[in-house]
Amino acid sequence: MHPVDSPQEAAFRAEARAFLEANAEPLPPWVVAPSAIVAEWTPDEEERKLDEARRWQRRKFDEGWAGIAWPRRYGGRGGTLIEQLIFSEEEAGFDVPSDALIIGTGWCGPAVLEHGTDEQRDRFLRPLLRGDEVWCQLFSEPAAGSDLAGLGTRAVRDGAQWRITGQKVWTTFAHRSDWGLLIARHDPDLPKHRGLTAFIVDMKAPGITARPLRQMTGSANFNEVFFDDVVVADAYRLGAVGDGWRVVISTFMWERLSLVYGSDRVLEALGALIAERGRATDPVVRDRYAAIYATGEALRFTGLRMMTAVSRGAMPGPEGSIVKLLATSMLEAAHTMALDLFDAVGTLAAEVAPWHGEWHAAFLGMPGLRIGGGTDQIQRNIIGERVLGLPSEPRPDRSVPWGQIPRGER
Ligand SMILES: Cc1cc2nc3c(=O)[nH]c(=O)nc-3n(C[C@H](O)[C@H](O)[C@H](O)COP(=O)(O)OP(=O)(O)OC[C@H]3O[C@@H](n4cnc5c(N)ncnc54)[C@H](O)[C@@H]3O)c2cc1C
């Protein structure tokens, strides 16, 4: 039993573990399992890993272990977010496919659940949860990342449909996706946060081109995505016209929450590496590990606070930013420590490194995690303003129509 489990949660944990033991092998202690979002896969590996992830998702769905906190009507288990966390903690100890479907199951799906119509929920949620349909998140643009509300992709109403034109960038797995959650500007005459609307787009629709961006490591799971007069039915608008920013905020909330799941796996693996390298009694190593462990515990408990708020129907505030900073700081410190423990071997390329190169791969993916979903600096701005009450950044653009802001300042 986990020290903070209630008797019901302990029973749920035992049931989850029994399902996992019957359907998967325990993870060998050397597996670190870096996040699929920053994985360095070749195109063939990517195809294979996505297929494996789909099959595992299907198995969980069929046996009632997918969408633990989602309503049963959409194929979920009707449980709680804490049960979702417990399941993820247990799952992290088993040799199951990576989180390659997390953008759909963890971020876009909850947005459809929260903002979608009954028809949209009925159409999209089951196939998503069963792993049949892959989703991507079409938010960032070349000139709108940290300042996402300044985005310029246009959505123009045309009767019962919309015409979308513009460009997105850094869209993870767009080239493998069936559906995308898009934020576009429907009204340039409104202040920038207010002129945005969300849409569900068919990634195979005419006029959409996803062009993978090759990274210096050789992999290419990000894309530039071009929209050239793409037609989207109004029935696929997610939320009200002008509610795009609300959809963004809640999607980011789910994205940040997902960082809480499974991160203690890294702490365990680091402990195993310390023992393997014969450094468990080294006071400097112990000190460093203790600091990382403490950050991991702070992450777990801040995550629990967030989940409690969501369970009560509230939108957690700056806790999401705290969770993101804690998670990425903890992971970066753990991966750096692992490479230090390897001494000179830490400089090897991942393909030939010990522990199947997992620590090396995770280390290389780390800067990406610190940027994706909002950079460290942006999280600090949010915490500074909303927790510490520091003066906010000047935001003259909040009240000015987006179309009147000079191009270079949007
Ligand atoms: C691994 C990964 C996966 C991603 N996946 C997706 C995806 O699937 N879909 C999607 O839409 N996007 C995705 N992104 C894009 C990501 O959301 C953006 O990269 C991120 O929001 C930062 O935007 P930017 O790259 O335009 O940097 P910029 O906004 O140009 O920032 C550049 C630098 O300036 C700093 N900065 C900017 N504004 C401020 C400020 N006000 N105060 C202090 N510092 C500031 C930033 O912190 C950063 O260091 C992904 C990115 C990564 C790395």
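These are my notebook entries on one predicted model.

**Entry 1: domains**

I looked up the domain assignment first. It gives domain 1 (7-129), domain 2 (135-242) and domain 3 (248-386). I then checked domain 1 against domain 2. Their C-alpha centres lie 25 Å apart. Across the boundary, 18 residues of domain 1 are in contact with 16 residues of domain 2. Which helices build the domain 1 side of this contact? Helix H2 (43-62), helix H4 (102-115) and helix H5 (118-129) each supply at least two residues. H4 gives the most, with seven residues. I also sorted that side by class. It has ten nonpolar, five polar and three charged residues.

**Entry 2: helix H3**

Next I went to helix H3, residues 81-91. Is this helix enclosed or open? Nine of its eleven residues are buried, so H3 is largely enclosed by the rest of the structure. I noted the buried ones: Ile 82, Glu 83, Gln 84, Leu 85, Ile 86, Phe 87, Ser 88, Glu 90 and Glu 91. Then I looked for what covers them. The cover includes helix H1 (7-23) and helix H8 (283-311).

**Entry 3: strands**

I turned to strand S1, residues 135-138. Both of its faces are covered. Trp 135 and Gln 137 are buried on one side, and Cys 136 and Leu 138 are buried on the other. I followed S1 to its partner, strand S4 (residues 179-185). The two strands are parallel and share four bridges. Trp 135 stands opposite Trp 179 in S4.

Strand S7 (residues 222-233) came next. I found eight bridges between S7 and strand S3 (residues 161-169), and these two run antiparallel. Ile 164 stands opposite Val 230 in S7. I also found S7 paired with strand S6 (residues 208-213), in the antiparallel sense, over six bridges. Which residue of S7 is the bridge partner of Arg 211? I read off Glu 224.

**Entry 4: ligand shell**

I listed what lies around the ligand. There are 22 residues, and Phe 139, Gly 145, Ser 146, Gly 372 and Thr 375 come nearest. S1, helix H10 (358-371) and helix H11 (376-386) each give two or more residues to this shell. By class, the shell has eight nonpolar, 13 polar and one charged residues. Which domains does the shell draw on? At least three residues come from each of domain 2 and domain 3.

**Entry 5: nonpolar core**

I looked up the largest nonpolar core. It holds 104 residues. Leu 181, Ile 183, Phe 199, Leu 270 and Val 323 touch the most other members. Helix H9 (residues 319-341) brings the largest share, ten residues. Leaving aside neighbours within four places in sequence, Val 323 is in contact with Arg 256, Leu 257, Leu 259, Val 260, Leu 299, Thr 302, Gly 303 and Met 306.

**Entry 6: two positive phi values**

Last, I checked phi in the loop between H9 and H10. Asp 343 lies there. Its phi is near 55°, a positive value in a residue other than glycine. His 356 lies in the loop between H9 and H10 too. Its phi is also positive, about 55°, although His 356 is not a glycine. Then I compared their surroundings. Asp 343 has 9 other C-beta atoms within 10 Å, so Asp 343 is exposed, as the cut-off for exposed is 12 or fewer. His 356 has 14, so His 356 is partly exposed.

Methods. Residues are numbered from 1 along each chain as its sequence is written. This is a predicted model: local features need pLDDT of at least 70, side-chain atom pairs count only at pLDDT 80 or more; totals for chains, interfaces and linings use all residues. A residue is buried if 20 or more other C-beta atoms lie within 10 Å of its own, exposed if 12 or fewer, and partly exposed in between; C-beta atoms are placed from the backbone. Two strands pair if DSSP finds at least two bridges between them. Two residues are in contact if their C-beta atoms, placed from the backbone, lie within 7 Å. A residue is near a molecule or strand if its C-beta atom, placed from the backbone, lies within 6 Å of it. Ala, Val, Leu, Ile, Met, Phe, Trp, Tyr, Cys and Pro count as nonpolar, Asp, Glu, Lys and Arg as charged, and the others, Gly among them, as polar. Domain bounds come from an automatic or database domain assignment. A nonpolar core is a set of buried Ala, Val, Leu, Ile, Met, Phe, Trp, Tyr and Cys residues joined through C-beta atoms within 7 Å.
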